Protein chains: 2
Amino acid sequence: MLGNFFNPDSVAVIGASREAGKVGHEVLKNLLQSGFPGDIYPINPRASEILGLKAYPSVADVPDRIGLAVIVVPSQVTPAVVEDCGRKGIDSAIIISAGFKEAGSVGSKLEQEVSRLTKEFNMRVLGPNCLGIIDTESRLNASFAPGMPSKGEIAFFSQSGALGTAILDWAIERGIGLSKFVSLGNKMDISESDLLVSLADDPNTNVILGYIEGVKDGRAFMEAAIDATRRKPVIMVKSGSTAAGARAASSHTGTLAGSENAFQAAFKQCGVIRALTMEALFDYALVLAHQPLLKGNRLAIVTNAGGPGIIAADACERSQLTMASFQQETVKRLRDSLPPTAAIYNPVDVIGDAKADRYLSALQAIEDDGNTDAVLVLLTPQAMTEPVATAKNVIDTFSESDKPVVTSFMGGASVKGGIDTLGKGKIPNYPNPERAIAALEAASRYSNWKSAPVQQEEERFAVDNEKVAEILARAEQRNQETLAGPDAMEVLSEYGFTVPKSGFAETGGEAVAVADEIGYPVVVKIASPDILHKSDIGGVRLRLGSASEVERAFEEVISAARRFMPTAVITGVTVDQMIPPGKEVILGMARDPDFGPMLMFGLGGIYVEVLKDVAFRIAPLNHREAASMISEIRAYQLLSGVRGEEPADIPSIIDSLLRLSQLVTDFPGIIEMDINPLMVMASGQGAVAVDSRISVSL
Amino acid sequence: MLGNFFNPDSVAVIGASREAGKVGHEVLKNLLQSGFPGDIYPINPRASEILGLKAYPSVADVPDRIGLAVIVVPSQVTPAVVEDCGRKGIDSAIIISAGFKEAGSVGSKLEQEVSRLTKEFNMRVLGPNCLGIIDTESRLNASFAPGMPSKGEIAFFSQSGALGTAILDWAIERGIGLSKFVSLGNKMDISESDLLVSLADDPNTNVILGYIEGVKDGRAFMEAAIDATRRKPVIMVKSGSTAAGARAASSHTGTLAGSENAFQAAFKQCGVIRALTMEALFDYALVLAHQPLLKGNRLAIVTNAGGPGIIAADACERSQLTMASFQQETVKRLRDSLPPTAAIYNPVDVIGDAKADRYLSALQAIEDDGNTDAVLVLLTPQAMTEPVATAKNVIDTFSESDKPVVTSFMGGASVKGGIDTLGKGKIPNYPNPERAIAALEAASRYSNWKSAPVQQEEERFAVDNEKVAEILARAEQRNQETLAGPDAMEVLSEYGFTVPKSGFAETGGEAVAVADEIGYPVVVKIASPDILHKSDIGGVRLRLGSASEVERAFEEVISAARRFMPTAVITGVTVDQMIPPGKEVILGMARDPDFGPMLMFGLGGIYVEVLKDVAFRIAPLNHREAASMISEIRAYQLLSGVRGEEPADIPSIIDSLLRLSQLVTDFPGIIEMDINPLMVMASGQGAVAVDSRISVSL
């Protein structure tokens, strides 16, 4: 984030008020109470002093430079105030005031006016209509939120101010530390993307959390997110997902696309971990902020009771984690140190009368185990249980470990001391094993993302895009919104798709020549603008395997047509390649208002229409993303080979997806398209685009 | 539950101890501290007084009748103690002691001995290896759990003692009241089914919660659960679901069945609401215990902030609830009473500066709204927010309402007072909107179950089961584990399935006669024990539409067989009905170790093998259950008609499922079977069982 928001040397509060309860008072009070070390200037033309500070009528009257302006004046006055700030040379402003875009057309005009002014003065703006900003490191609380969280490594930004207040309130109560809190408000200027860029660079932040309802610029978001997630985890809640666009779609892809799928795809492609609830957002954050990344997905569970152990093992099986299978040495150590009735395989049950020392010996053995990548410690309060001492042993055992450990100390008052101890030792504790495992699973997904080699952008295929530009221009001239049949096939062919070979012939000899070129078997069809249902009048001959069959078919279809439709104009015959049978898949694209070209892949027919078994990604696509799209669908086994069938030619599908990605990136005028079906042959034998529809913007 | 567990007039603690921390001491202390009004007799041969009570060497020495014995002696001593109890005429005992079945073979033998004795004396036993029992109404705490929950309407039983302790501890801290708590332990005698029966009758319990890892008797469980859920909600967590049986399966159904699917089906058929986590268990319980049932599924949301409103609306859309569309009158009232910037459609946003009065007028309008069935009130702590007063208004508005209301007051210290007030007013509050909506959704599912008319057991189809018994007996004599082909078809035919008609002929004339009887078209196949691949030698003729074609086909297949396999014994030909094309579905059954015959339904082929898109139910089945099985699969649209296709004959599938249900209920010797495919014709045209495999126990 450009500007001076997190560490200004001085702050002016424009609209500071003497009246407790007013936002302009609360902001000033927060600035004072947070211990902000720089100068603070209350600005209020009707006061000379507020909360013990000298007040000024206007920023112009402040003798010194002002690093950051916090604006809490009514919206109608805001443009004038912003102009004052600009003239004073202030380059960063937080507009807390509401009454802008969110409040209807008058407010929208005001927001436009403010935007124009801030651009004129090169000013960066957070808000309007926001709660403000908190930076625990620089002790800056430029918000009207009640209270300030403790220092921590987690940064949190929120598009909803009220949700921000609730979360701050909750974080303070739980003692969860934050590095920064930012309320985005209307995102007139500064957006989630700016924050991702800024927080990725922030040395005090090691996990970035965000609540968003939409993005200002999908492309910018993806770029910022990819860069940020390479450096630290980004976890987001995206709501408003059911408010899908209402535009009527002209393709299968368009029908199935929608904003929710676009966000899902974008998050996946940028390594952003999506949390479905605010609760999960912080659950995931705790393990990622305070524990090492996972080197693999093998989980060890230690418990003092069978029931919670089973619950945890169930949750592990349902997750992407697996139950660790201990090394022999570990099993031996566990057997030697635990009572005979203990369970020494995973989950390790140290049984109900375990004191802290028994947990310790089990944990030490597991910490050393070479087959374990992460550890979950469960504790229920039983007669002999020592929650605090056990918590200390967890902390000690893993203080230097490269394995993440999380806990679920279950219960109320009996385990509270233990939970507090864990919190101080930065061991994430969860009220139940399921949430602990969900958090470890999220951490494992991030670990995988971080350790995967960075995939370069794909090289471009050599294609004739001028030819395609011509075809699209031709359609535009004809006012033709949809390209189908030969036009669509020509576009695909220019982009290197294999399309069915086809030719036209006026005589039997010509038909044979065409067939010879295409290769046998072929199909011969009558060519006549007057004959729609060619098969019905005997105008189609299939599976012709030789020149003589083609010649005879030519005579037959011509004479059939003459006989059944004597008045039809007959121009000759088309000779088409017979497409060998294969697996029918569908590839498509629809443009998302936020993220642009969104590609779809699925098996054809009912898999798309009834089961909606499809995968989405935002173009441009790289090889790995194309491959993951294909393997993501539920029916993937039908392509990879099942019931003794040969696998389909998946490299050809990947190639087709990459070519489609290039096509729709090259031509923004293509607004929607399906390739349906792409007929995929057996492994090594390629794929043929049998039919396609392309919608263009006119 | 038979016996005297919840309201005994007197209790003996056998193994009572003077030593604090010992289980025998803690149980006695809990009994005293809970204010149990009846007589308490510590039994300990080495003490004359414990905790101020006179102690007795043995129950035999107690001068009065003893209602309930709590046994906390070492497992080896337990049989002798149980015998003492029996002789004393005690009919109910809680065996808290561990060291039985859970501890290996010696313990198992001890448990068998105890079981034999208690049966001899007609004694009911809870445990062994359990935490004990708590009844807040009769002030009985016969457990060694630390602390006692307050009185409430929720009963909770747990197969895991440690989990029980943790939950009690948690419930005490949260002020969640319980009517009864029962720790099941090893379920030597009293099981979850007994508890369902007993708690269904308990006037102090209005919601039954259970944590189980398995059931003692699946049939008994289902009977008890169906009866209980007709009266009050039953919510359960079932863990251990991934520990599937390891028996090799001989059918598709057997491969896909497994314990997890059996529990899922049983819960569904009994109206038991399944919670996936302990957290969800109590989330659901709160709304069902304290709020009226839903009359429909239309939810209204009131919020003072946009973000949480969107989050809630999203969660609603993902659930089985729908967003209420208010009556005109309601919209008018909201418009009149709320500020112009408020959102008056659902979610209703009373906006950030709303005090309690504004919430009140919105809530009153919504309470009156005829299009609303349930209400969720969201609150975030903002400058003007009044959490406590708003909580009071929620309570007042809905105190007499027949609509359930739940809240999510979000935050920490700022909203704590409001949350406490809600708790006292029995309004369930959830830390986030998603959990609130999940709880309402569970309540809605229970409301639907409760209001559905009770489905009677199906009438029996008139079938010839003696004939089937003969066929199965024949297989047994032959030591034949699997019935396929004609044998299997005969079984199905006797149970009223339509099977392909078929006949045998030794001459061309006979073949024509058979074909005439079956109806054309038919298939003629060579009949010879020596010819396996009949098509390869020209031994099959398809689609024969007339007598003359059948006669010619007879000659052709006989002469082809003679020519190609001169040494083969040729017995004649089979004449089979040609099955018209339809939708292929699969019906099957596998026996579950807990619940017995489990039926499966799915579309055939890859839908079963790759997509695993199948539904399960426990037999016997009623009509509604059969119909719901069919509509439950993801690909249901393929049967109900999609893309202009005619719908399949779903009543025939229901009929087939009911016949299958009767067959496998009548014959326990059938351990697994598939009908694959059942070819289902278009609506009204029936279904034909084309092939089947039946596995029988020898």
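I began with strand 28 (residues 670–680) of chain B, which runs antiparallel to strand 30 of chain B and is joined to it by five bridges. I took strands as DSSP runs of E with at least two residues and helices as runs of H or I with at least four, numbered from the N terminus. Two strands pair if DSSP finds at least two bridges between them.

The model is predicted: local features need pLDDT of at least 70, side-chain atom pairs count only at pLDDT 80 or more, and totals for chains, interfaces and linings use all residues. Residues are numbered from 1 along each chain as its sequence is written, and chains are lettered from A in the order in which they are written.

**Strand 30, chain B.** I noted that Ser692(B) in strand 30 of chain B is the bridge partner of Ile675(B). Strand 20 (residues 482–483) of chain B also pairs with strand 30 of chain B, in the antiparallel sense over two bridges; there Thr482(B) stands opposite Ser695(B). I then looked up the burial of strand 30 (residues 692–696) of chain B: four of its five residues are buried (under 20% relative accessible area, with a 1.4 Å probe and protein chains only).

**Open sheet, chain A.** I recorded an open sheet of five strands in the order 2-1-5-6-7 of chain A, with parallel pairing. Its edge strands are strand 2 (39–43) and strand 7 (124–126) of chain A, each pairing on one side only. The twist averages 20° from one strand to the next; angles run from 0 to 180 degrees between N-to-C directions, and axes are lines fitted to C-alpha atoms, for helices over the stretch in contact. Strand 5 (residues 68–71) and strand 6 (residues 92–95) of chain A run parallel and are joined by three bridges, with Ile71(A) opposite Ile95(A).

I found helix 1 (residues 23–33) of chain A packed on this sheet, touching strand 1 (10–14), strand 2 and strand 5 of chain A. Its direction makes about 165° with that of strand 1 of chain A. Helix 2 (residues 78–88) of chain A packs on the sheet too, touching strand 1, strand 5 and strand 6 of chain A, at about 170° to strand 5 of chain A.

**Helices 13 and 14, chain A.** I looked up helix 13 (residues 387–398) and helix 14 (residues 413–424) of chain A, whose axes come within 7 Å and cross at roughly 25°. Helix 13 of chain A is therefore roughly parallel to helix 14 of chain A (angles under 35 degrees).

Conventions. Heavy atoms only, no water. Parallel < 35°, antiparallel > 145°, perpendicular 65-115°, else oblique. Buried < 20%, exposed > 50% of the residue type's maximum accessible area, 1.4 Å probe, protein only. Contact = heavy atoms within 4.5 Å.
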